Amino acid sequence: MAKMKLITRRKFLITGSLVGGGLAVAYALGGDGAANKEPFAQTGADGDYTLNAWVKINTDNSIRVAISQAEMGQGILTGLCMLVAEELGVSVDKITPEQAPVSSVYGNFTVIQDSLPFSDGHHLGEKTAGAWAMKKVGKLLGVQVTGGSTSVRNFWEPMQQAGAAAREMLKQAAAARWSISPNKCDVRDGDVIDTTSSRSLSFGELAAEAAALKIPEDIKLKPAGVRKVIGTSPQRLDIPAKITGQAKFGVDTILPDMAFAAVRLCPYFGGSIKSINPASIEGMPGILTKPVMLENGVAVIADCFWRAKRAVEELEIEFEKPASGTISTNDIFDQFAQQISEDDGRTYAEDGDAKATLLKNGDVFTAIYKAPFLAHATMEPMNCTAFVTDDSVEVWAPTQVPTLAAWFAEKIADVPGENVKIHNPLLGGGFGRRLEVDYIIMGITIAKALNGRPVKMIWTRENDMQHDMYRPAALAQFSGCLTNDGRIEAWHNQVASPSITRDYVHRLLPWASADMPDNTTSEGAADLPYQFITKLVEHYPGPTPIPIGYWRSVGHSYNGFFTECFMDELANKAGIDPVEFRLRHLAGHEDFHQVLTSLASVSNWAAPLPEGHGRGVALHESFGTIVGQVVEVSVSEYKEITIQKVTCVVDCGEVLYPDGVISQMEGAIIYGLTAALFGEITIEDNKVVQENFPDYEMLTMAACPEIDVHLAPSGRPLGGAGEPGTPPIAPALVNAIFNATGERIRELPLSKHGFFV
């Protein structure tokens, strides 16, 4: 029965994705989150009273709030607690966040809504029938996911409603005690007060009576004009524990009688184990079982990780390359170029006849750009602790998809779904890597071999670097021409890259096919705000044997580089200042216009620069947020780059937590600079060349520039904050180098062209 339930749900998952053209990461809140309090009630402590799915109040006056989103450095514990604190009339430091259990009530439908096969037009996607249908599917699925810069967008309203519902229930309980109307009651700093007298009762004193009341259906939220918490920047709730070392990440999991596992995986994509000699490690200390065979490797379980790692490294194994032959990075880019030359791409945006315009113009400018495969390189390597018995499985895994972890745990351990328990500790970095479940499946499989004893599996950095789900490589071929007055008459962008959604869905459901339009391949290319006289954007899906996945800002990460650099090239060809050139093409988009003009002002764009210095600009919208960035660099005659300053202007709609948005922009800029300067995963002989941070370099603190972030909300709908800071930084940097040196870079990373910091 449990298996039938799983299969049915998964079938529905993939059906929904196919209808919409690719599910990606779904999770939908589904229904009234405030009303279904059962899941949160199951995790109560002594004295806890659960008022709804999000709020518990204890007789000691403590307030606990369910957080369904993974905390991976983005400050979401604080941001989401602020929404509840606002309505309860308390400061956020009065609230203790608690990791929510796995339940459909905490699903995120915004992620699914965003996974429309392609946008129906700039700023129209969220208003289309397709978006409406995807929202319904998302609510029905109720899958918990942290991704797509959706945490605040999805939970902004339900968590405020939860806080407001709890407030009204507490007021009703107090009013009953005092035999007055609830309208004569209010909340203040954890007390309910009688506004007609000096009487008050604490939340703790009222918790039991309030929890017994029916949850109100018609809840009024605080008007924006009287808010005291939203829009402020309190101290982050997760920071003290991280500073003192008390914070617990997945890799910190320690359980009684725990064993440890290390793995060795086939280095060749599509390869296999040809032979293995278990006798080669017999007698080594601490080994607890014979080697555990995995789908693409082997694991050794020992009484400590070091012994497990030594043993698996000593194990005599012969790996075999795939029969299909080998592939390299150059082969993949040759494949992309060949696909574009065949001219049978999928159209994502078309306005007028760009091809005919290019033929007639006679002064066509062309350029080819390339972006490499990239690893996520999370600071905390992949790990999973699992405890499998005959009829239950318990998992401790830092994951962005706890619902999927529960589904696969049920399947692999072959136990009833009600006997599956998922713990989701802090994540030491996600960036999309922990949207995958490969390491969780592996951890449970290994633990199953040592039934009745918990096992913690840890990947080494080398395992992680060589067995990631990589940001896909991509190639873009542009053709453009200008009018006599410096307007873009034709814009033809042909992008070749594999489909992330197809790979992701196939990994979850190998029997499924999802060869459908995938908006991740065209986002940031097809949905540009710029007004061109004619436009054609096509995508050429180029499957490769390299596993690919969601990387911070996904398709925007390379399409932003391609499009904003080509805009700069056309501005230069037209002999027009790059900011002025962009403004000329932003008619009808006052919000973009405002961000760009603000950026020019705060960055001192027009101020003269010394010899060897340059400024570059880029403007990009992703996940509903507009970000403009100006990078100022100096470049020596030896190509040594000093990034003097990055200025960033953000319009993400109403700002919940200003310091949180600024921190997200700073982190995204540093992450993007690292990739632009050094990031590259190269494939040779069907395997990854890089092994660890010495050959996959990170930006150091010493090389990190001054970053100046300005928030400029224009009143547009709420946008995301976690990813939109990444796409503009690479083109702004490359455009700045061109401004300083006259050298145009069309392939990342910059280190390939002799530049260094």
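# Strands, sheets and helix packing in a predicted model

In β18, Thr385 has Lys456 as its bridge partner. Residues are numbered from 1 along each chain as its sequence is written, and side-chain values use heavy atoms, with hydrogens and water left out. Helices (H or I, at least four residues) and strands (E, at least two) are DSSP runs numbered from the N terminus.

**Around β18**

- Strand β15 (residues 383–388) pairs with β18 in the antiparallel sense over four bridges; two strands pair if DSSP finds at least two bridges between them.
- Strand β8 (residues 259–265) also pairs with β18, here in the parallel sense over three bridges, and Ala259 has Val455 as its bridge partner.
- Strand β18 (residues 455–458) is covered on both faces: Val455 and Met457 on one side, and Lys456 and Ile458 on the other, are all buried. Buried means under 20% relative accessible area, exposed over 50%, and partly exposed in between (1.4 Å probe, protein chains only).

**Val393 and the β16–β17 pair**

- Val393 sits in strand β16 (residues 393–396), and because its relative accessibility is 2%, Val393 counts as buried.
- β16 runs parallel to β17, paired over four bridges, and Val393 stands opposite Val420.
- Skipping residues up to four places away in sequence, Val393 touches Phe387, Val388, Ala409, Ala413, Val415, Asn419, Val420, Lys421 and Ile444. Contact here means heavy atoms within 4.5 Å.
- Val393 and Glu418 are 25 residues apart along the chain, and their C-alpha atoms are separated by 9.9 Å.

**Helix α6 and its contact with α7**

- Helix α6 (residues 151–178) packs against helix α7 (residues 203–211) at about 95°, with the axes 9 Å apart. Axes are lines fitted to C-alpha atoms, for helices over the stretch in contact, and angles run from 0 to 180 degrees between N-to-C directions.
- α6 and α7 are therefore roughly perpendicular to each other; the cut-offs are under 35 degrees for roughly parallel, over 145 for roughly antiparallel, 65 to 115 for roughly perpendicular, and oblique for the rest.
- On the α6 side, Met169, Leu170, Ala173, Ala174 and Arg177 meet Phe203, Glu205, Leu206, Glu209 and Ala210 of α7.
- By class, this α6–α7 contact has seven nonpolar, no polar and three charged residues. Ala, Val, Leu, Ile, Met, Phe, Trp, Tyr, Cys and Pro count as nonpolar, Asp, Glu, Lys and Arg as charged, and the others, Gly among them, as polar.
- Gln160 is another α6 residue, and with a relative accessible area of 1% Gln160 is buried.
- Leaving out residues up to four places away in sequence, Gln160 touches Leu83, Glu87, Leu221, Arg227 and Ile230.

**The three-stranded sheet**

- This open sheet has the order β5-β6-β7, with antiparallel pairing.
- β5 (185–188) and β7 (200–202) are the edges, each with a single partner strand, so one side of each has no neighbour in the sheet.
- Neighbouring strands here are turned by 25° against each other on average, direction ignored.
- Strand β6 (residues 191–194) pairs with β7 over three antiparallel bridges, and Val192 stands opposite Leu201.

- β24 and β27 are parallel partners over six bridges, and Val649 has His710 as its bridge partner in β27.

**Helix α19**

- Buried residues of α19 are Asp591, Phe592, Val595, Leu596, Leu599 and Ala600.
- Their cover includes α18 (578–584), β22 (613–622), β23 (625–635) and β24 (641–651).
- After α19 comes Asn604, whose phi is positive, near 55°.

Methods
Predicted model: local features only at pLDDT ≥ 70, side-chain atom pairs only at ≥ 80, totals over all residues.
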